[in-house]
Amino acid sequence: MSDALEELFRTTLEKVAVTPPERVWSRVDAHFSARRRLRRLAYSGAAAAVALMAALPLFFSPAPRDAPALLAARILPGSPVLVSPAPPAPSLPSPPPPSRRQVAVVPNDPIDPVALSPGRLPAALSSNDPAAPALAPMTSRNTIPLVNGAAVANALKYHQLLASGTAAPARKEVRRTEPRYTVSGYVSPGYSSGKYKATGGTTNDQMSGIYNINGGVAFAVNTGKRLAVETGVGFSRVGQAADIKYHTPMSLSPAARNVITPLGNVNNSSKVLAVLHNSNEEILEGVRSYQTGALEQRFDAIDIPLYLRYYINNTKLKFSVIGGLGTHLLVDNRTYLTSSDSRDNLGATDDIRKLNFSARLGLGLEYPITRVLHFKFEPAFKYYLQSISNNSNIDFRPYSLNLSTGFGIRF
Amino acid sequence: MFAVCIRYSRTREEAEDNLQDGFIKVLESIKQYSGKGSFEGWMKRIFVNTALEKYRRNTPVQLLGDLPEQEEEEGEGSMNVPGEVLLEFVSRLPEKYRMVFNLYVMEEKSHKEIAALVGISEGTSKSNLARAKEILRRKIKEYVKHE
């Protein structure tokens, strides 16, 4: 039901036009600008993700792809090839862009009737013209571009080459597998010591351990993804040290030249010295003056290990457990007396084994700096399986704790 | 369209907000315009719906009861009141009256449709319309008296 009042308002208000303030358009424009930025960001992210996904097979595929061959195989000689430059992306009308509620207080201005101006509307809204950009169809394309022209041309040339019978011999498939061999060099600072047991009258006093630096070259064969067999050549040192008191007499009988240590007598032939172990105080009886110093016995050997390494994980940073045996060929046997002003080599300890064996247990950490070069860090414990001395009265099986660091080259 | 927004809004700022929201919706859904009917009419529906959505969001409970429709008075149609004044009268109506008045008079919706759109009963819609018209009549009379 329509009455006069309704008709008055209906007819009058329909003719009323009010011009909105410019800030409204600014806010609409800001809104769409922000949306465009977000969309651009999203597209960039998506493109990067797609590129990354596309690139992943290049890193992980077992064999390099022969792109032209593949392309040629997919395009048959008689098949139509649509070569068309990619159409430009349909451009959306650039509508005024986004953000809202930027102006909080606006005076309640009197309403001025102003004719609605099409010019104030965005172009896409200002008319119903079907040719307006916003209303134009965006998907009318007759061809679908498959690849770019240069790629297709290359593919066709390759195909012609194959058809002519002068094609190059097929490439031997190169399988990209994990490197099987590793050569590494290492330096291994550590500490060696051991518990001494003696029978038959030799001293039972314990000596202290020594710090040492080992090193060498290792060669590993990876028998699988997790297991490797390792060997190599290295240098190792074990030994003992003790504080001592000594006396230098005017003359020394041949019998007194032997220095008694827990690891055996030292043939004191190089120097005319009476070196006494601190427990043999009685020998010093009658000696009015004696000196103090340090006695150090060193046993150097060439190591030839045979270890098994098991990789706990198969990630970039690899952890492994190492276990195995080592063969030690004694190459040097020396005893040093270090006093406040000199360091003298007294000679070799008697009855030291020329050949010994050890067991090793360690943890490995391996980080690839490049695909070929790896950094290695390995704390390990080594225990000699036989006494270092042939003397049946002496049982001294040294152990050592070492931290090996080095670099490995995988190939 | 700004005039439409003013009709449905309490203040000028609210009208500007509605205009902004409405234009954003228009631009975002412009592909949905099928070409049937006038583009201006399509846009106007969007602006009205924008105002209605806001009204529904802000008015969860309808408190006003039904009122009997007022007797019509003659003579308003002959009054020569400027359009901008009438627009201001409408915009200053209480919100629930303004909404029903606009939908009924300007959009020519039925009370049943209005009830569904606004979320009130048909009776409330009728009574709100009567109240709105009563207020407008009074304002027009006052305006004419002062002119």
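B:Phe47 makes contacts with B:Met1, B:Val4, B:Cys5, B:Asn18 and B:Gly22, leaving aside residues up to four places away in sequence; two residues are taken to be in contact if their C-beta atoms, placed from the backbone, lie within 7 Å. The model is predicted, with local features needing pLDDT of at least 70 and side-chain atom pairs counting only at pLDDT 80 or more, while totals for chains, interfaces and linings use all residues. Residues are numbered from 1 along each chain as its sequence is written, and chains are lettered from A and ligands numbered from 1 in the order in which they are written.

A nonpolar core here is a set of buried Ala, Val, Leu, Ile, Met, Phe, Trp, Tyr and Cys residues joined through C-beta atoms within 7 Å, and a residue is buried if 20 or more other C-beta atoms lie within 10 Å of its own, with C-beta atoms placed from the backbone. In soluble globular proteins, nonpolar side chains tend to be buried together.

Turning to the chains, chain B has seven helices and zero strands, whereas chain A has four helices and 12 strands; helices (H or I, at least four residues) and strands (E, at least two) are DSSP runs, numbered from the N terminus. Of the 147 residues of chain B, 43% are buried; in chain A, with 411 residues, buried residues make up 22%. Among contacts between residues at least 6 apart in sequence, 70% in chain B join residues at least 24 apart. For chain A, 73% of the contacts with a separation of 6 or more come from residues 24 or more positions apart.

The two chains also meet through a pair of helices. The axes (lines fitted to C-alpha atoms over the stretch in contact, with angles from 0 to 180 degrees between N-to-C directions) of H1(A), residues 4-15, and H4(B), residues 83-91, come within 9 Å and cross at roughly 110 degrees. H1(A) and H4(B) are therefore roughly perpendicular to each other, a term covering 65 to 115 degrees. A:Phe9, A:Thr12, A:Leu13 and A:Lys15 of H1(A) and B:Gly83, B:Leu86, B:Leu87 and B:Val90 of H4(B) make the contact.

Key: Angles under 35 degrees count as roughly parallel, over 145 as roughly antiparallel, 65 to 115 as roughly perpendicular and the rest as oblique. A residue is buried if 20 or more other C-beta atoms lie within 10 Å of its own, exposed if 12 or fewer, and partly exposed in between; C-beta atoms are placed from the backbone.
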